[in-house]
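Colleague: Could you walk me through this one? I'm new to it.

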Amino acid sequence: MSRALVSLLVVVVALLGGCSSPGEGWKFERARSVGDPAVAAINAFRREHGRVPRDMHELVPKYLSQEGLAALGADDSIGFEYVVLDKDEFEFRMNYRGPGTNECVYVADSSPPSWSCFGAY
């Protein structure tokens with residue numbers, strides 16, 4: 001094997017070895033710092049109204065600040081998706097990139113409710 005190829009392999013292994021698993025690391029924590037307040041706002045709305053909001057704008061300003069809503073689209077490397085599944089059920093997803101792509105889904109019926117994450121380099 002050539003010396004250049006060995007050097008390249010060492011760099012690749014070092015870079016990938018330093019990556020956090022899905023649901024871990026500073027990128028996950030950054031995404032979660034924006035996603036957790038949004039999920040809390042959805043749950044508070046549901047408790048008070050007996051249904052989930054039709055969209056995220058319905059949460060502003062009582063349950064989520066305008067700044068909190070804006071934060072959901074403020075970082076190009078982090079994405080969020082809110083989907084109404086039924087009158088009282090929703091799915092909230094977040095994804096973050098670099099390196100690789102990771103996706104997390106808020107699982108409301110787990111005990112305690114949590115993020116379930118998966119991804120690839």
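Modeller: Helices (H or I, at least four residues) and strands (E, at least two) are DSSP runs, numbered from the N terminus. This is a predicted model, where local features need pLDDT of at least 70 and side-chain atom pairs count only at pLDDT 80 or more, while totals for chains, interfaces and linings use all residues. Residues are numbered from 1 along each chain as its sequence is written, and side-chain values use heavy atoms, with hydrogens and water left out.

Colleague: OK. And what should α2 span, at 1.5 Å a residue?

Modeller: Its 25 residues should span 36 Å, and the end C-alpha atoms are 35 Å apart, which agrees. The expected span here is 1.5 Å times one less than the number of residues.

Colleague: Where does α2 bend?

Modeller: At R32, by about 30°. That bend is the angle between axes fitted to the seven residues ending there and the seven starting there.

Colleague: Which residues of α2 are buried?

Modeller: They are F28, A31, V34, G35, A38, V39, A41, I42, N43 and F45. Buried means under 20% relative accessible area, exposed over 50%, and partly exposed in between (1.4 Å probe, protein chains only).

Colleague: What do those pack against?

Modeller: The buried residues of α2 pack against α3, β1, β2, β3 and β4. Contact means heavy atoms within 4.5 Å.

Colleague: Let's switch to the sheet. In what order do the strands come?

Modeller: The order is β1-β2-β3-β4, four strands in an open sheet with antiparallel pairing. Two strands pair if DSSP finds at least two bridges between them. At the edges sit β1 (78-86) and β4, each pairing on one side only. From one strand to the next, the twist averages 20°. Helix α2 (residues 25-49) packs on this sheet, and its direction makes about 165° with that of β2. For such angles, axes are lines fitted to C-alpha atoms, for helices over the stretch in contact, and angles run from 0 to 180 degrees between N-to-C directions.

Colleague: How many bridges join β3 to β4?

Modeller: Seven, with β4 covering residues 114-120. A hairpin of six residues links β3 to β4, and Y106 has W115 as its bridge partner in β4. As for β1 and β2, they pair over eight bridges, and E81 has R93 as its bridge partner in β2.

Colleague: New topic: how many aromatic pairs does the structure hold?

Modeller: Seven. Rings of Phe, Tyr and Trp (its six-membered ring) pair if their centres lie within 6.5 Å; planes under 30 degrees apart count as stacked, over 60 as edge-to-face and the rest as tilted. One of the pairs is F28 with Y96, tilted, at 6.4 Å centre to centre and 50° between the planes.

Colleague: Which aromatics form a cluster?

Modeller: F80, Y82, F90, F92, Y106 and W115 form one aromatic cluster.
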